[in-house]
Structures are given as C-alpha cells and as structure tokens.
Amino acid sequence: MKVKVLFFANLREQLGTGVEEVDLPDSASTVAGLRMQLMRRGGAWQDVLADMKVVRVAVNQDMAAANAPLNPGDEVAFFPPVTGG
Amino acid sequence: MKVSVQTEDFDLGLEVLDIQQDNRIGAVASFVGQVRDVPMTLEHYPGMTENAINKIVEEARSRWKILDFTVIHRYGDLQPNDQIVLVAIASSHRADAFAACQFIMDYLKTEAPFWKKEHHPDGARWVNALEADDKAAERWRGLKQQRLLKP
C-alpha cells in the first residue's frame with residue numbers, strides 16, 4: 001500500500017527531501033514499519049530516523065505514537081520537537 | 001473567533017478591537033511574542049498547524065469561559081523585533097482571560113508544528129526544543145487532574 005511521507009525542518013534538510021510516496025508491504029503497515037523501511041536505505045536515513053527521542057510523528061496531521069497503524073493513502077510526517085511560539 | 005497562520009504582520013490594537021464588541025466582555029488579555037536579536041525563518045506544517053491550534057483553543061474553551069479569541073502565528077522570514085505570535089482572549093472576567101491566554105501560549109510552544117531556524121553570523125542553525133517549554137505545558141495537565149478530582 002502507498003502512503004505519503006513528509007519531512008520537516010532539520011529532517012527535511014538532512015534527508016534532502018520534503019515529500020515522497022512510499023510503497024509499504026501490508027505486513028509493515030505501522031509507523032514503526034515505515035520507519036524501519038526508510039532506515040534500511042542507510043546513510044542519513046539510518047542516522048536521522050534512529051533516535052526516536054528526537055523524532056516526532058504525525059499521521060493524517062495528528063500526533064501519533066510509534067506503533068500507530070497505517071492505512072492506504074495516509075499522510076505520515078516525521079519532524080523534530082516543535083519550537084514555535 | 002479567529003485562527004490564522006500567515007506571513008503578514010498583525011496589528012494588536014485592531015485585533016483586540018475585533019474581539020471586544022460583545023457587551024458581556026469585561027476583560028481582554030493578550031500576548032505578543034517577538035523575535036529577539038537573531039533573524040530567523042519559521043517553517044510550519046500547513047494543515048496540521050491550523051488543526052493543532054484549533055485543538056489547543058478547544059481545550060482552553062473547555063476549561064475557561066472564553067467569549068471571543070484571536071490566535072495569529074506568522075511563518076517565513078522574520079527580523080529582530082518582528083512580531084511572531086499573538087494570542088488574545090476576551091472573557092467576562094480577567095481570571096479566565098489571563099489563564100486561557102497563558103495556557104494557549106504554553107501549548108503552542110509544545111504542540112503546534114512550527115520550527116525556528118536562526119541565522120547567526122557564523123551560519124544557520126535549527127533551534128532546539130527547551131525542556132522548560134515542556135514543563136510549562138505539563139503543569140496544566142496536573143491542574144486538569146486536580147480539577148477532575150475536585151469538581
């Protein structure tokens with residue numbers, strides 16, 4: 001199944017991409033499964049996504065836990081802790 | 001009742017005038033955040049940002065009597081002294097207005113998807129989230145629990 005994946009702030013810069021479509025096997029249809037698949041690309045992907053203490057996740061524009069389930073067409077965003085205000 | 005995420009500046013006086021029309025209103029509290037000494041670029045997550053702010057405001061409205069409100073957060077390139085954020089709350093009494101204003105600001109700092117990149121003379125760097133901001137938001141959770149225990 002396909003999901004839309006977004007990256008923001010320093011993650012976007014370090015990964016060199018802000019948005020892409022990722023094809024995910026049904027057996028890996030959670031945030032954790034998506035993250036593992038991206039980390040297997042190695043290099044910056046492995047480094048940036050390894051430490052979930054400094055990476056936040058949102059599914060369909062709502063904050064989500066690392067084990068949240070995913071459905072086809074979901075929008076998943078990875079970003080650092082927020083610093084607005 | 002307005003939430004706006006925008007690049008344009010805002011006028012505190014005009015925004016307050018907008019929310020003080022109802023004659024049940026006896027208090028308006030407002031907060032303006034502005035850039036200190038370093039120019040910055042503010043990035044945000046369009047769509048989620050508005051959702052997050054609306055949720056924070058809804059939570060505030062469940063806790064205090066808010067008659068009208070305006071929340072404006074800017075993004076894009078900002079210079080020292082530029083205004084970043086406005087929270088203005090209109091209530092019948094000052095306690096609700098003050099508390100709701102501070103609550104919304106504390107949660108904006110930890111829940112709304114904005115990221116600041118500072119442009120220092122020696123290069124640009126992303127601002128790290130502060131533990132103090134998490135603590136500021138955290139203390140409202142404790143207060144909610146106390147309220148639930150003692151209705």
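In this predicted model, B:Asn81 sits in the loop that links strand S5 (76-78) to strand S6 (83-91) of chain B. The phi angle of B:Asn81 is near 80 degrees, a positive value in a residue other than glycine. B:Asn81 counts as exposed because it has 9 C-beta neighbours inside 10 Å, and the cut-off for exposed is 12 or fewer.

**Chain B: overall build**
- Chain B holds 4 helices and 8 strands.
- Read from the N terminus, the elements of chain B follow the order β-α-β-β-α-β-β-β-α-β-β-α.
- Chain B has a radius of gyration of 16 Å; the globule rule gives 15 Å for 151 residues, which is close, so chain B is as compact as a globular protein of that length.
- The C-alpha trace of chain B spans about 55 × 35 × 25 Å along its principal axes.
- Buried residues make up 32% of the 151 residues of chain B.
- Take the contacts in chain B between residues at least 6 apart in sequence: 79% of them join residues at least 24 apart.

- The largest nonpolar core has 52 residues, and B:Ile89 and B:Ile104 touch the most other members.
- Helix H3 (residues 94-111) of chain B gives the most to this core, with 7 residues.
- Leaving aside residues up to four places away in sequence, B:Ile89 touches B:Val28, B:Ala29, B:Ile66, B:Phe69, B:Ala97, B:Ala100 and B:Cys101.
- Buried residues in H3(B) include B:Ala97, B:Ala100 and B:Cys101. B:Ile104 of H3(B) is buried too.
- Charged residues are also found among the buried positions of H3(B), including B:Asp96, B:Asp106 and B:Lys109.
- The 18 residues of H3(B) should span 26 Å at 1.5 Å a residue, and the end C-alpha atoms are 25 Å apart, which agrees.

**Where chain A meets chain B**
- Chain A brings 13 residues to the contact and chain B brings 21 residues.
- On the side of chain A that touches chain B, helix H1 (9-15) and strand S5 (75-79) of chain A each supply at least two residues.
- That side of chain A has 8 nonpolar and 5 polar residues, and no charged residues.

**Helix packing in chain A**
- Two packed helices are described by the angle between their axes and the distance between the axes.
- Helix H2 (residues 31-39) and helix H3 (residues 43-50) of chain A have axes that come within 8 Å and cross at roughly 145 degrees.
- H2(A) makes this contact through A:Arg35, A:Leu38 and A:Met39, while H3(A) uses A:Trp45, A:Gln46, A:Leu49 and A:Ala50.
- By class, the residues of the contact of H2(A) with H3(A) are 5 nonpolar, 1 polar and 1 charged.

**Two glutamines of chain A**
- A:Gln14 belongs to helix H1 of chain A. A:Gln14 has 15 C-beta neighbours inside 10 Å, so it counts as partly exposed.
- Residues up to four places away in sequence aside, A:Gln14 touches A:Ala44 and A:Val48.
- A:Gln14 and A:Ala50 lie 36 residues apart in sequence, and their C-alpha atoms are 13 Å apart in space.
- A:Gln61 is in the loop between strand S3 (56-59) and strand S4 (62-63) of chain A.
- The phi angle of A:Gln61 is near 70 degrees, a positive value in a residue other than glycine.
- A:Gln61 counts as partly exposed because it has 18 C-beta neighbours inside 10 Å.

Methods: Residues are numbered from 1 along each chain as its sequence is written. Chains are lettered from A and ligands numbered from 1 in the order in which they are written. This is a predicted model: local features need pLDDT of at least 70, side-chain atom pairs count only at pLDDT 80 or more; totals for chains, interfaces and linings use all residues. Two residues are in contact if their C-beta atoms, placed from the backbone, lie within 7 Å. The radius of gyration is taken over C-alpha atoms; the globule rule is 2.2 Å times the number of residues to the power 0.38. A residue is buried if 20 or more other C-beta atoms lie within 10 Å of its own, exposed if 12 or fewer, and partly exposed in between; C-beta atoms are placed from the backbone. A nonpolar core is a set of buried Ala, Val, Leu, Ile, Met, Phe, Trp, Tyr and Cys residues joined through C-beta atoms within 7 Å. The expected span of a helix is 1.5 Å times one less than its number of residues. Axes are lines fitted to C-alpha atoms, for helices over the stretch in contact, and angles run from 0 to 180 degrees between N-to-C directions.
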